[in-house]
Amino acid sequence: MTARVAKVFSEVLGVSPEHITDETSPDNTPQWDSMAAMNLVVAIEDEFDVRLSTAEIISMRNVAIVKKVLTTKGVADA
Amino acid sequence: MSLSDPAYIGFFAVVFVLFYLLPGGTARLVLLLAASLAFYCNLAGVYVWVLLFVATTAYVGGLLLQQRVGKGSRLVFVAALLVILAPLILFKYLGFLCDAVGITLPESIALLALPVGLSFFTFAATGYLIDVNLELLEAERNPLRLALFVTFFPLVTAGPIERGGRLLPQLDLALPLASERALAGLQLIFIGLVLKVLFADTLAAPVATVFGDPESSPPLEKFVAVVFFAFDLYADFAGYSLIAIGCAKMLGIEVQPNFRQPFLSPTIPEFWRTWHMSLSFWVRDYLFLPLRAHWRRAGHKGMIGATLLSFTILGVWHGAGWQFVFYGLAFGVLAVLSLYTIRYRDRAYAALGVPQPIVRIIRAIITFIVFALVLVLFRVSYLNDALLFYRDILSIDMLNNLWVTIKSGLFHYGEPLDMPVVSAYWADWFLIAAIVAGDILVRNGYTLAKCPVSIQAIAYNVGLALIIYQWMSSSVAPPFLYYKF
Amino acid sequence: MSAADEAASPAVERSRLREWGRLVGVLLLILSPLLLAGVVLEGLAWHIGETMPVSVISTWQDGAADRIWRGGDGHSFLTYKLARVADLKPEIIALGPSRANAFKGDGFAPYTFFNAGLTAWTFDQYRRFLELITRDGYAPRALVFNMDYWMLSSGFDHYWVDRFDEKPATHVSDLLRVVAQLREDPLRLWRNLPRADHVHGLYAVLTGEGFRADGSPADKPGTPDPALPAGDETGVGTPPVVLADHIAAEQVANFEQFATLAKAKHVALIGIQLPYYEKILNGLNGNPQAGIWREFESTEWHRRFADSGVIFFDFADMPAYRDKPEYFLDSLDPDARVVSHITQQVMADPRVRALLPKAGMP
């Protein structure tokens, strides 16, 4: 899953996948601005075929939390 | 007492010493809580009950939400939010809301004063409740810890607005005295005092003159006052925040920074990521993101709507009045414009062959001027005055004034300037230059702490001497002129 | 180990003390220039007597006859004069504005004397002064005070409210004065510093002028300006030389309260209207707007003053001096010779002799 998440992030944010870590967040990544944030959500929903609730979206403040949320939604850790 | 008063410094020194004489844990918790409540009582008297009410609501609400999470806690959440926001709405917005709708309030309610720091600690407490509801945070079981989170005296009057997740874990308060940390905190307090007592108070004088009587000021004076006010507010607020952060640091508590050289920002959105960061990140995380998420499939309309609404609320947070609505809305519009046009502007600069550093400088200057102009709404006594400012500054007269000033200043040619504020306060431009230079140095890693110790020592001695002199001067009445009889 | 044990272990204790030591040590070291400057400033301010409390000044001034003091910002010398009176407990006190300055002790010998001039301007201030000096049971035998017509004009007391200040000067304001002098003209202070062994107070150290031990002013020697009495800024219509149609009832009430208090404390009241230069007299006599002057000069009112227990002397118009500028410092202040002459006359008056029989005896 980590690789797929990194791919989505890298495509939406225009950052190379090696720079995407668990700590990546809007506070330390200038490309993750308000415009990109929702593009990320839509891209993740489309990539993993899930529907995220508002609460889940707000909580996804860094990559680590994104992966945690996806896990709880049943996405396999492949 | 404000954080820049000598009385507060004395109070803090006592609390600091007692803190490290006490063993870690509950004893220190009680000390800080008692100090915070005493501090707030001294500041706002009977309104300490409002502070306690908000803290209690946060504590009880948090526990209730924790219990009911997943089991239809929506009702509890909305109820808790309403209760915790009730004092803010009552004390701050009720008058404005009723005026807007045409209702007259009974005098006893209309004349209620605003409890100090209400907007700040209410947002801190509200953020905590939202985090618990989103399961980002475990509810705090220890009432003393939660009470301290809401009432912590360095932060209670003017922030930074902290998150429960960042502050509560630090309230073990078990760290022993570390002289390094204490000295680092003192450095921050020193810089904060320099900014607030020396810079801000000096820059404030010409601002009051012009904003107090806008009709009689020529356009250039208005412009000067607008620029001075932006720097005055920055020095005042950033200084105050540094004192708060420094005090917390001395007690072993790390608090997030509130300003990150905002006037170096190249765009309005970037500006709001560096100015009053604790507030703008709060609005981003608790208002903008939920709205955005809700409207994520609405494309651009969703983006624009969320941005405008969030910024408007950010504006209104600052005060109850139409000028604050416009203040927020203006930034919202500007942010949207900036986001949607940045690509074209980048291409334009590239096409013109302007080197990147110059682009950055131009952008920073434009962003600053835009901010300073919108800030006029924040400062004027009447909305109409703002229009006077805009009309004058963006007029031909302004260019004329500028030309006359340049002639007189550079070439000593022409009639004497009829702009008392411009002439009298020309020296203050050095202060502004110092602030900008300081910010550029800090942005590039050259902080005071990195200077050689001898330079630092000179800075501390001279700075403190000036601060103490300023404190002494403001405590005595103006001097008497000798009479002979 | 439990947290409490851990906290109390000797190693932890030592490191705690070490951290405290380091913190305090670094602060003292880095801020030593500032602390040193502070010590020097306080030392200097104390050396010139500017930060000394008035009680300390008073004791110091008793130490030798030539000691002079004048400090503060000059708006009120009340606390200083009160401290002197408390120390000296004089038998006769001269009280009033600058017009009382010229009274000297020789004229009142062998009674002990203190000049509380430049201290009080109005009857309610006179009353308050008397209250303050008689708080602890002491009372002078007699109070010689300026009694000028204008003191009975309506609203007169409002002009002088800030000149009668019971609050002692704060240490901060005293220090700031010294700092201001160091900023403006440190060399002047440096040059005059040797004076500080017998002169205290910033103003006195800088100028050599101040109050002597007996309360009278020690002004710079020099010939008074002969053009001043005729050409000074004072004039009829300018306070204190106010114009009014009548004596004001509320000021008479203040006067009566003052007289009643003096009676209760067994203090004889001797009120004197000292001479005016002819510029003032000509402006008042025959002036249709100076009704208050006519009333004050009338026998009817003089009798009322006497009935209240005040021995009143009206020397406003002295033919021997009125047109001679050499006898006046300015149009309102007759010089020491004139006042000495007046004092002789007053002390020789039978009413005064009855109260102060030893006057004139060696």
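Tutor: Two residues are in contact if their C-beta atoms, placed from the backbone, lie within 7 Å. By that rule, 14 residues of chain B touch twelve residues of chain A. The model is predicted: local features need pLDDT of at least 70 and side-chain atom pairs pLDDT 80 or more, while totals for chains, interfaces and linings use all residues. Residues are numbered from 1 along each chain as its sequence is written, and chains are lettered from A and ligands numbered from 1 in the order in which they are written.

Student: Which elements of chain B give two or more residues to the side that touches chain A?

Tutor: They are α13 (277-294) and α14 (299-318) of chain B. Helices (H or I, at least four residues) and strands (E, at least two) are DSSP runs, numbered from the N terminus. The largest share, seven residues, comes from α13(B).

Student: How do the residues on that side of chain B divide by class?

Tutor: There are nine nonpolar, two polar and three charged residues. Ala, Val, Leu, Ile, Met, Phe, Trp, Tyr, Cys and Pro count as nonpolar, Asp, Glu, Lys and Arg as charged, and the others, Gly among them, as polar.

Student: Which of the two pairs of chains in contact shares the most contacts?

Tutor: Chains B and C do. Here 24 residues of chain B meet 26 residues of chain C. On the chain B side, α21(B) gives the most, with nine residues. By class, that side has 17 nonpolar, six polar and one charged residues.

Student: How do chain A and chain C stand to each other?

Tutor: No contact joins chain A and chain C, and their closest C-alpha atoms lie 34 Å apart.

Student: Why is B:L148 called buried?

Tutor: A residue is buried if 20 or more other C-beta atoms lie within 10 Å of its own, exposed if 12 or fewer, and partly exposed in between. B:L148 has 27 such neighbours, so it counts as buried. It sits in helix α7 of chain B. Beyond four places in sequence, B:L148 is in contact with B:L29, B:L32, B:L33, B:S36 and B:L171. Between B:L148 and B:L33 there are 115 residues of sequence separation, but the C-alpha atoms are 5.4 Å apart.

Student: What makes C:L31 partly exposed?

Tutor: C:L31 has 17 C-beta neighbours inside 10 Å, and therefore counts as partly exposed. It lies in the loop between α2 (10-30) and α3 (32-47) of chain C. Setting aside residues within four places in sequence, C:L31 is in contact with B:Y460, B:N461 and B:L464.

Student: What makes α3(B) oblique to α7(B)?

Tutor: Helix α3 (residues 48-68) of chain B packs on helix α7 (residues 143-151) of chain B at about 130°, the axes being 9 Å apart. That angle makes α3(B) oblique to α7(B). Angles under 35 degrees count as roughly parallel, over 145 as roughly antiparallel, 65 to 115 as roughly perpendicular and the rest as oblique. Axes are lines fitted to C-alpha atoms, for helices over the stretch in contact, and angles run from 0 to 180 degrees between N-to-C directions.

Student: Which residues of α3(B) and α7(B) meet?

Tutor: B:L51, B:V54, B:A55, B:A58 and B:Y59 in α3(B) meet B:P143, B:L146, B:A147, B:V150 and B:T151 in α7(B). This contact has nine nonpolar, one polar and no charged residues.

Student: Where does B:A58 stand in the largest nonpolar core?

Tutor: B:A58, B:A125 and B:V150 have the most contacts inside that core, which has 146 residues. A nonpolar core is a set of buried Ala, Val, Leu, Ile, Met, Phe, Trp, Tyr and Cys residues joined through C-beta atoms within 7 Å. Away from its neighbours within four places in sequence, B:A58 has contacts that include B:I84, B:A125 and B:V150.

Student: Which peptide bonds are cis?

Tutor: One joins B:G159 and B:P160, with omega about 5°. Another runs from C:P239 to C:P240, with omega near 5°. B:P160 is in the loop between α8 (153-156) and α9 (164-167) of chain B, and C:P240 is in the loop between α10 (228-231) and α11 (249-264) of chain C.
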